[in-house]
Amino acid sequence: QKNGKGKQVLLITDVAGYSKVALSAMLPVLTHLGYDLYNLPTALVSNNFAYGEYAFLDTTDYMRDTIKVWDELGFDPDCICTGFVLSEEQVELIGDYIRSRKPRMDEIQNVDNGRLVMVDPIMADGGKLYNGIGMERVAAMRKLVSYSDVMVPNMTEAGFLTGICPGRERASASELRELVDGLHKLSGKSVVITSAHDSETDEHLVCGYDHKSGQHFRVPFTFLPVRVAGSGDIFSTVMTGK
């Protein structure tokens with residue numbers, strides 16, 4: 001079902017030369033849903049990091065120049081969706097861009113008629129930060145998620161962002177609630193933890209808080225013990241599109 005209705009979505013994340021991840025996974029989904037798309041690559045990467053060896057190109061200068069040109073041309077996307085960010089400098093650049101577009105959002109009470117900012121704070125999984133990412137990036141990501149209307153961290157990222165249960169992949173129901181509330185305090189908006197694991201019920205679930213309805217939620221799912229590259233990108237993209 002195509003529900004984009006001509007709305008424009010800006011995707012800010014990396015481009016992989018091989019593997020259906022990041023922009024390669026996200027662009028087809030939103031195209032199918034009928035959106036007009038912009039993309040702003042944060043890096044060109046030879047392949048999925050899981051292969052162990054890779055080459056990459058830092059595109060920070062290109063990002064800065066592109067934003068300048070887009071502003072001069074009056075380009076004004078309806079939605080800004082951020083994914084993998086290469087550095088703290090890029091976080092500042094993206095944050096400045098979001099803040100420059102936010103006044104339109106702030107003037108309109110109904111988020112469906114204004115600008116939507118979705119932030120996927122990609123930096124950790126499996127209880128630890130990704131290689132090459134330190135606590136400076138965590139601090140920068142706290143700032144980036146503060147601009148979001150919806151943030152979609154996994155369980156590990158939620159722990160590092162809040163300092164609650166850091167490095168743990170399981171937590172009690174009360175701890176999960178504390179995690180969600182801690183994330184909500186960072187932005188004042190909606191929160192979706194994509195890979196929560198309730199240690200008391202052994203349920204795997206998506207949990208969070210919807211700021212529009214003012215309600216917490218838990219959505220259990222059947223966990224399959226496999227890793228599929230790009231699944232997080234697809235999740236955040238479908239959620240953004242819908």
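This is a predicted model: local features need pLDDT of at least 70, side-chain atom pairs count only at pLDDT 80 or more; totals for chains, interfaces and linings use all residues.
Local features were considered at pLDDT of at least 70 and side-chain atom pairs only at pLDDT 80 or more, whereas totals for chains, interfaces and linings use all residues. Residues are numbered from 1 along each chain as its sequence is written, and side-chain values use heavy atoms, with hydrogens and water left out.

Strand 1 (residues 8-16) and strand 2 (residues 36-45) run parallel and are joined by eight bridges. Strands (E, at least two residues) and helices (H or I, at least four) are DSSP runs numbered from the N terminus, and two strands pair if DSSP finds at least two bridges between them. Within this pair, leucine 11 is opposite asparagine 39 of strand 2. Helix 1 (residues 22-32) carries the chain from strand 1 to strand 2 in a right-handed β-α-β crossover (with the strands pointing away from the viewer, the path from the first strand over the helix to the second runs clockwise).

Strand 2 also pairs with strand 3 (residues 56-58), in the antiparallel sense, over three bridges. Here valine 45 is opposite phenylalanine 56 of strand 3. Phenylalanine 56 is partly exposed, at a relative accessible area of 47% (buried is under 20%, exposed over 50%, partly exposed in between; 1.4 Å probe, protein chains only).

Strand 10 (residues 204-210) and strand 11 (residues 215-221) run antiparallel and are joined by seven bridges. Glycine 208 is opposite phenylalanine 217 of strand 11. The hairpin of strand 10 and strand 11 has four residues between the strands, and glycine 214 takes a positive phi near 70° there.

The surface patch is nonpolar and consists of Phe49, Tyr54 and Phe56, which together have about 310 Å² of accessible area (Shrake-Rupley method, 1.4 Å probe; for residues, only the protein chains shown count as cover). Patch residues have over 30% relative accessible area and no salt bridge, with like charges joined within 9 Å and nonpolar side chains (Val, Leu, Ile, Met, Phe, Trp, Tyr) within 5 Å; a salt bridge is a side-chain nitrogen of Lys or Arg within 4 Å of a carboxyl oxygen of Asp or Glu.
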